[in-house]
Amino acid sequence: MPVQQLPETLINQIAAGEVIERPASAAKELIENAIDAGATRIEIATAGGGKSLMRITDNGSGMSAADLDLAVRRHCTSKISDTLDDIRTLGFRGEALPSIGSVAKLTITSRRYGDSEGSQVSVTGGKTTGVRPAPANAGTVVEVRDIFFATPARLKFLKTERAEAGAITEIVKRMAIAFPKIRFVLSGSDRTTLEFPATGDDHLARMAQVLGAEFRDNAIEIDAAREDVELAGFVGLPTFHRGNSAHQYAFVNGRPVQDKLILSAIRGAYAESVPAGRYPVAVLSITLDPALVDVNVHPAKADVRFRDPGLVRGLIVGAIRQALHREGDRAATTGGAGLMQAFRPGFNPGGATYQAARTTPWTAASSPSRPLEPFATAGFAERGQAVFDTLTMPAARADMPNTHPVQATQDTETQRHRLGAARAQVHENYIVAQTEDGLVIVDQHAAHERLVFEAMRKALDGRRLPSQVLLIPEIIDLPEEDCDRLIAHAAELDRLGLALERFGPGAVAVRETPAMLGEVDAASLVRDLADEVAEWNTAGGLRGKLEYVAATMACHGSVRSGRRLKPEEMNALLREMEATPGSGTCNHGRPTYIELKLSDIERLFGRS
């Protein structure tokens, strides 16, 4: 078959297959155009999940009749000149409108500010009508009806109306977070109206609109820079997490993206803080020179390619971990809410009576516990409280044998600490502490596990880790490019106890392995490292394996559940938690303590 020029309509339909995957893709392109036009109010109306109707109305700069005529032609745009190295707008490819018009019924009505009348153009299945005068408010209205009617095969692959409507909602949420100065309204016959009023420069207020009011109280601010890359935003506390990654938002120069490198960096930063199967909440914005990032690698502009991906990933991981070390020991407010719900008494229509227990003075619980393990003794040997004055309190009931009260102290200095003063040990695992404005319940095993792990991880940074010399070096065959990458990181790997050297053009020799790993499959370890270095240009895999071993050792070396602690040991544990970054969660991501404010307790008893 001879080479021939394809018809314009078929060319547009092929382009539509690349850019317009579903109604949400069209909505994204049209909202981006409205934002680039300087709109401060964008209204989106849908019907049938966007399959029957999508109408985007904005108060942007609008277009003249001549602009409308060019806007529906391929490769016509006002957003770039003659280079792709300095893209500062959201839309720029130039084929969104003709692509939509080739598979749907497209109508654009627009009027520029200052013009006496507006103009309108229609495209149906790739056929364009001439531009004609039309009444219009200042701005632009784009209406898309019966998407994919011209390509029925594509229409059959769309999901249900509810699923398609949800995808459009997600697009609007991402745009709303990225541009808090713009008011967004999403309405239609297939949904309840969703409105995001403009919040100006208060980005956290807009995030609370989208992610929920709880995010404001459980967010940690991120503000970091490295070389020519700036990172800003907010991330959730380790104990504030969700069941999927839908609550992770990333923006590059204001553009919403779903880049694997960024999402992987978020996951890596929370590696020891969030339970398996749970996902942290994060909103990150990366700003850098447009010449340092290629936003043209994906037809829908969902992915980007950084010139230095290792720099970007390192910045994200380092900034989040630093923020978690700074404030990650805070308890999420959702924990207190769950505790209140558990404490809330149920209504008993039978009118059961309550009999008060006989009261006798509480005495300090005898502690048959053995001394703390040598590793833990250094942190908890000092006396937490010098004096425990006995108070008269209700006696522990006979059916609660696992409650061990601590003699209270009149000294309020201890209570002024953030985690307060220990008052009791419940079920030989939970420490109940009194603060100035509430109480705290601490999981003693989880808390000490984090303290031991942080101490061991700190030791990893202080010196070269001990290694074990192999009697016979293990030769591992690898592609030559993988060998080059590993040898380039040989010094870093040697600090972690892994000694490598080149052994011919396509192999490396392993002479020493980290002693902490014990008997290790050196070939598998080196191949995993080679894959990671190839993808991220880092050698963090081995460090991650060592930290995993350290976490396991910390778990076995911690204060065990079922161990009775002395009052001074409990208070010393609380003080160590206050001084240790990230002590709000254990190595497995579980919370180490839950806080309940006095105002919450008073509400439980109807006192406020």
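A salt bridge here is a side-chain nitrogen of Lys or Arg within 4 Å of a carboxyl oxygen of Asp or Glu. Helices (H or I, at least four residues) and strands (E, at least two) are DSSP runs, numbered from the N terminus.

Before going on, a note on the source. This is a predicted model, where local features need pLDDT of at least 70 and side-chain atom pairs count only at pLDDT 80 or more, while totals for chains, interfaces and linings use all residues. Residues are numbered from 1 along each chain as its sequence is written, and side-chain values use heavy atoms, with hydrogens and water left out.

Now the whole chain. The protein chain has 19 helices and 26 strands. Of its 608 residues, 47% count as buried. Buried means under 20% relative accessible area, exposed over 50%, and partly exposed in between (1.4 Å probe, protein chains only). Contacts are heavy atoms within 4.5 Å. Among contacts with a separation of 6 or more, 70% come from residues 24 or more positions apart.

Arg145 is partly exposed, with 37% relative accessibility. Through shared partners, salt bridges join Arg55, Glu143 and Arg145 into one network. Another salt bridge has Arg112 and Asp115 meeting at 3.2 Å, N to O. Arg112 is partly exposed at 36%, and Asp115 is partly exposed at 26%.

Last, a charged patch. Glu227, Asp228, Asp289 and Asp308 gather in a patch of negative charge on the surface. Patch residues have over 30% relative accessible area and no salt bridge, with like charges joined within 9 Å. Asp and Glu count as negative, and the place of a charge is taken as CG of Asp or CD of Glu. Asp308 lies in the loop between strand 18 (305-306) and helix 10 (309-327). Asp308 is partly exposed, with a relative accessible area of 37%.

Technical notes
Patches are made of residues with over 30% relative accessible area and no salt bridge: like charges are joined within 9 Å, nonpolar side chains (Val, Leu, Ile, Met, Phe, Trp, Tyr) within 5 Å. Accessible areas come from the Shrake-Rupley method with a 1.4 Å probe; for residues, only the protein chains shown count as cover.
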